Amino acid sequence: MTRLKIEISVPESHVEQVVEALHSVGAGRAGEYARCTSVWRITGSWLPSPAARPHRGRAGEVERAEECRVESFCERDQAAAVLAAVRAVHPYEEAVVNFLPLYDPAAG
């Protein structure tokens, strides 16, 4: 198995929904621990196209806002379920969910 780090930017108002979605499909499990997650405040920025329907801001104008970064991890075979679960509760029209492979020194 390949473990993946998950990174999601989300408004603070939706952090708990995203965390619940992650863990409802098994992300964030390490041995006898579940719901392993990190959350911290960040400042995000984006420029919605004229055709966009942004959760915050207006099309054609750069928006900067306080958000939270939610991080956790999952196995590669869980990634599709994690993505679907997060997108189902995330308020953004285009939720970005990053999956990064993690190096496992025990695997050689």
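Let's start with the sheet. Four strands form an open sheet in the order β2-β3-β1-β4, with antiparallel pairing. Strands here are DSSP runs of E with at least two residues, helices are runs of H or I with at least four, and both are numbered from the N terminus. Two strands pair if DSSP finds at least two bridges between them. The edges are β2 and β4 (97-101), each pairing on one side only.

A word on the source. This is a predicted model, where local features need pLDDT of at least 70, side-chain atom pairs count only at pLDDT 80 or more, and totals for chains, interfaces and linings use all residues. Residues are numbered from 1 along each chain as its sequence is written, and side-chain values use heavy atoms, without hydrogens and water.

Back to the strands. β1 and β3 pair antiparallel over 8 bridges. Lys 5 stands opposite Phe 73 in β3.

Now the helices. Helix α1 (residues 15-24) packs on the sheet and touches β1, β2 and β3. Contact means heavy atoms within 4.5 Å. The direction of α1 makes about 15° with that of β3. Angles run from 0 to 180 degrees between N-to-C directions, with axes fitted to C-alpha atoms, for helices over the stretch in contact. Helix α2 (residues 79-89) also packs on the sheet. α2 touches β1, β3 and β4, and its direction makes about 160° with that of β4.

So much for the layout: order β2-β3-β1-β4, with α1 and α2 packed on the sheet.
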